[in-house]
Amino acid sequence: MKRVVAVTMVLAALVSLLGCSPRAKTEDVASGGPLPDTGTGEPGASPKDSFTIGMSQCNLGEPWRVQMNEDIKRAAAEHPELQVVFKDAQNKTEQQQAQVREFITQGVDLIIISPKEAVPLTEPVAEAMKAGIPVIVLDRKIEGDNYTCFIGGDNVLIGREAGKHLVKLLGGKGKVVELKGLETSTPAGERHQGFMEGIKGSNIEIIFSADCQWLEPIAQKEMNSALSRCAQIDAVYGHNDPSAHGAYMAAKQEGKGREKTIKFIGIDALPHEGVKYVEEGILSATLEYPTGGKEAIEVAMKVLRGETVPKTITLGTRLFTPDNVAQGGLAIPAG
Ligand code: FRU
């Protein structure tokens with residue numbers, strides 16, 4: 001028995017002399033080394049002291065997504081034990097599917113995904129869950145509920161508020177162009193549904209609508225068609241600020257001054273995008289769609305520490321108009 005104790009002591013001394021403490025592994029990662037082996041997670045193994053999160057972003061072509069990654073980076077920087085590996089799927093579904101599978105093969109500790117489309121990303125997320133890797137789904141949804149936690153804004157509420165605001169702006173009647181987000185991504189359907197609820201009972205009608213895939217150049221092109229086909233357009237409901245801005249540019253470039261009479265409404269309200277457009281008088285309103293980046297890291301930390309987290313976290317919104325933009329907009333109570 002004494003011999004066992006002595007051998008253990010000698011081994012412990014050697015380990016500390018050679019500097020093989022788990023901390024050393026964390027430093028490798030900080031200096032850009034390979035993905036760390038931070039413990040096995042098997043019963044009886046020492047608890048992990050550092051974690052790798054794989055973040056799959058559906059694209060970085062839109063300012064809102066650049067902001068989401070920034071928010072994640074800033075929040076993660078407060079946890080030195082976290083390393084976040086970012087991948088950009090460049091708006092390609094197959095690339096995003098492959099990214100999730102790469103994260104599984106690499107054995108990351110947790111995955112955050114902001115999926116381009118719901119259906120095709122459902123299976124890769126299920127594979128991660130099956131491999132024991134928790135998954136936080138951010139902003140756009142997948143099918144079903146095989147994930148750890150969903151974090152996002154209430155798109156039905158946001159759409160409804162946009163509709164209600166337009167009813168006020170137009171005095172209850174008018175002709176509207178709706179420039180939708182990508183149909184196969186969940187916020188587009190939800191923002192449409194909410195908007196229809198918001199204008200219900202009014203004399204507002206949608207005279208033109210198109211799937212603009214969340215992209216400003218497509219929205220601008222579709223608005224060109226709307227302008228040439230429709231003599232009367234009172235407002236444009238863009239499912240995001242880039243779409244509303246694209247519509248404004250189309251109206252301006254038409255050269256008939258219609259950008260001055262049409263009311264443009266968008267969604268996202270980034271300070272340097274939608275909120276700025278409201279300040280400049282380009283948009284009549286925008287509704288905040290928070291990125292959830294900070295919340296994703298908070299939830300990730302809890303999951304990694306073994307704490308339970310809610311299945312869904314719904315983020316709030318704010319309405320920005322020329323009247324309230326200087327005061328930071330108006331908080332909209334949860335619906
Ligand atoms: C960015 C974006 C945002 C929009 C969100 C919806 O890709 O189009 O503008 O609010 O995605 O998922």
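Before you start: the model is predicted, so local features need pLDDT of at least 70 and side-chain atom pairs count only at pLDDT 80 or more, while totals for chains, interfaces and linings use all residues. Residues are numbered from 1 along each chain as its sequence is written, and side-chain values use heavy atoms, with hydrogens and water left out.

**Exercise 1. Work out how α6 and α7 are arranged, and which kinds of residue make their contact.**

Step 1. Find the helices, which are DSSP runs (H or I, at least four residues) numbered from the N terminus. Helix α6 covers residues 155-169 and helix α7 covers residues 186-199.

Step 2. Two packed helices are described by the angle between their axes and the distance between the axes. Here the angle is about 40° and the axes are 6 Å apart. The axes are lines fitted to C-alpha atoms over the stretch in contact, with angles from 0 to 180 degrees between N-to-C directions.

Step 3. Name the arrangement. Angles under 35 degrees are roughly parallel, over 145 roughly antiparallel, 65 to 115 roughly perpendicular, and the rest oblique. α6 and α7 are therefore oblique to each other.

Step 4. List the contact (heavy atoms within 4.5 Å). On the α6 side you'll find Asn155, Val156 and Gly159 among others, and these residues meet a set in α7 that includes Pro187, Glu190 and Phe195.

Step 5. Sort the contact residues of α6 and α7: seven are nonpolar, six polar and five charged. For this, Ala, Val, Leu, Ile, Met, Phe, Trp, Tyr, Cys and Pro count as nonpolar, Asp, Glu, Lys and Arg as charged, and the others, Gly among them, as polar.

**Exercise 2. Is Asn69 buried or exposed?**

Step 1. Apply the cut-offs: buried is under 20% relative accessible area, exposed over 50%, partly exposed in between (1.4 Å probe, protein chains only). Asn69 has 6% relative accessibility, so Asn69 counts as buried.

Step 2. Check the neighbours. Leaving out residues up to four places away in sequence, Asn69 touches Met55, Gln57, Leu60 and Phe86.

Technical notes:
Helix = DSSP H or I, 4+ residues; strand = E, 2+ residues; numbered from the N terminus.
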